[in-house]
Amino acid sequence: MNDNAKCFIFVNGEYKEIPYKKLKKMREIDTSYRARRFLLFHGMLMEVMENDFIEYQKHLRHHRYLAFMASQFSNIPFHDIYTIEHNIPLSGEESIRDENVNIEDTVVHRVMVHRLLEGLKTLPQNEQSLIEALYMKGFTEREWSKISGIPQKTINEKKGRILFKLLKFIENQK
C-alpha cells in the first residue's frame, strides 16, 4: 500500500484521517494499534469494530465459497426451472421453498375455504349476493344498504343468520 494512502482511525468517537505511513509507525510504537481492525475501501483503510470485521470476513468467505461452487457446477438460471409434473416454467420465487410457511395451516385453510365455497352454493341467490357484496366486494353494511335499498339493520340481521348457516354447514361437513 502507498505510504500516502488515506487511513481513517477511530479516535474519541470520530474518525480521523492519517496517512498510511503514520499508521505503520503508530502500530510499531503502540501495541494497542496492532489489535485494531481495518478494511480496505476504494484504496483507503478504515478502522472498524471487531464484530464488523468478523462479519465482513464471513461474507468474503461465503462469497469465495459461492464462486468456487459456481466454478465446479453449472449455474441454473431461474427461467430454466420447470415443474417436474407438468413441464411448466416457474419463476425463481415460486421454486424456492418458504421456510416460514406452515404446511398444516395452509392445508387446513384450503379445506375450510373449500367447505365455505360449497356452503355458499347451498344458499339462495339473494343470500349469496349479500355475502359477495360484503365479503368479496368489500362493501360495508351501510354502503350496501344504500345500493340495495334494504335497511342497514336488516342487512346486519341477514348477515348474522347467513354466517350461522355457513358455520353449521362447515361443522356438518367434517
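A residue counts as partly exposed when its relative accessible area falls between the buried limit of under 20% and the exposed limit of over 50%. In this predicted model, Tyr15 has a relative accessible area of 41%, and it is therefore partly exposed.

**Surroundings of Tyr15**

Tyr15 belongs to strand β2, which covers residues 14-19. Leaving aside neighbours within four places in sequence, the residues in contact with Tyr15 are Phe8, Ile9, Phe10, Met46 and Glu47. One of these, Glu47, is 32 residues away from Tyr15 in sequence, while the C-alpha atoms of the two are 8.4 Å apart in space.

**Loop residues with positive phi**

Most residues other than glycine have a negative phi. Asn12, although not a glycine, has a positive phi of about 50 degrees, and its place is in the loop between β1 (6-11) and β2. His42 likewise is not a glycine and has a positive phi of about 50 degrees; this residue is found in the loop between β3 and β4 (44-48). Asn12 counts as exposed at 77% relative accessibility, and His42 is exposed as well, with a relative accessible area of 80%.

**Aromatic rings**

Three aromatic pairs are found when the whole structure is searched, and two of them are described here. In the pair formed by Phe41 and Tyr56, the ring centres are 6.3 Å apart and the planes stand at 65 degrees, so the arrangement is edge-to-face. Because Phe41 lies in strand β3 (residues 37-41) and Tyr56 in helix α2 (residues 50-72), this pair ties together parts that are 15 residues apart in sequence. The rings of Phe139 and Trp144 have their centres 5.6 Å apart, with planes at 40 degrees, and this pair is therefore tilted.

| Residue | Relative accessible area | Class |
|---|---|---|
| Phe41 | 32% | partly exposed |
| Tyr56 | 29% | partly exposed |
| Phe139 | 28% | partly exposed |
| Trp144 | 19% | buried |

The value of 19% for Trp144 counts as buried because the limit for that class is under 20%. A further ring is involved in an arrangement with a charged side chain: Arg36 lies over the face of Tyr33, at 4.0 Å from the ring centre.

**Nonpolar cores and helix packing**

In soluble globular proteins, nonpolar side chains tend to be buried together. The largest nonpolar core here has 10 residues, namely Leu120, Leu123, Leu130, Ile131, Ala133, Leu134, Trp144, Ile155, Ile162 and Leu166. Helices α5 (125-136) and α7 (152-172) each supply at least two residues of this core, and the largest share, four residues, comes from α5. Ile131, when residues up to four places away in sequence are not counted, touches Leu120, Met136, Ile162 and Leu163.

On the α5 side the contact is made by Asn126, Glu127, Leu130, Ile131, Leu134 and Tyr135, and on the α7 side by Ile155, Lys158, Lys159, Ile162, Leu163 and Lys165. Among these contact residues, Leu130, Ile131, Leu134, Ile155 and Ile162 also belong to the largest nonpolar core.

Terms used. Residues numbered from 1 in each chain as written. Predicted model: local features only at pLDDT ≥ 70, side-chain atom pairs only at ≥ 80, totals over all residues. Heavy atoms only, no water. Phe/Tyr/Trp six-rings, centres within 6.5 Å; stacked < 30°, edge-to-face > 60°. Buried < 20%, exposed > 50% of the residue type's maximum accessible area, 1.4 Å probe, protein only. Lys NZ or Arg CZ within 6 Å of the ring centre and 35° of its normal. Core = buried A, V, L, I, M, F, W, Y, C linked by side-chain atoms within 4.5 Å. Contact = heavy atoms within 4.5 Å.
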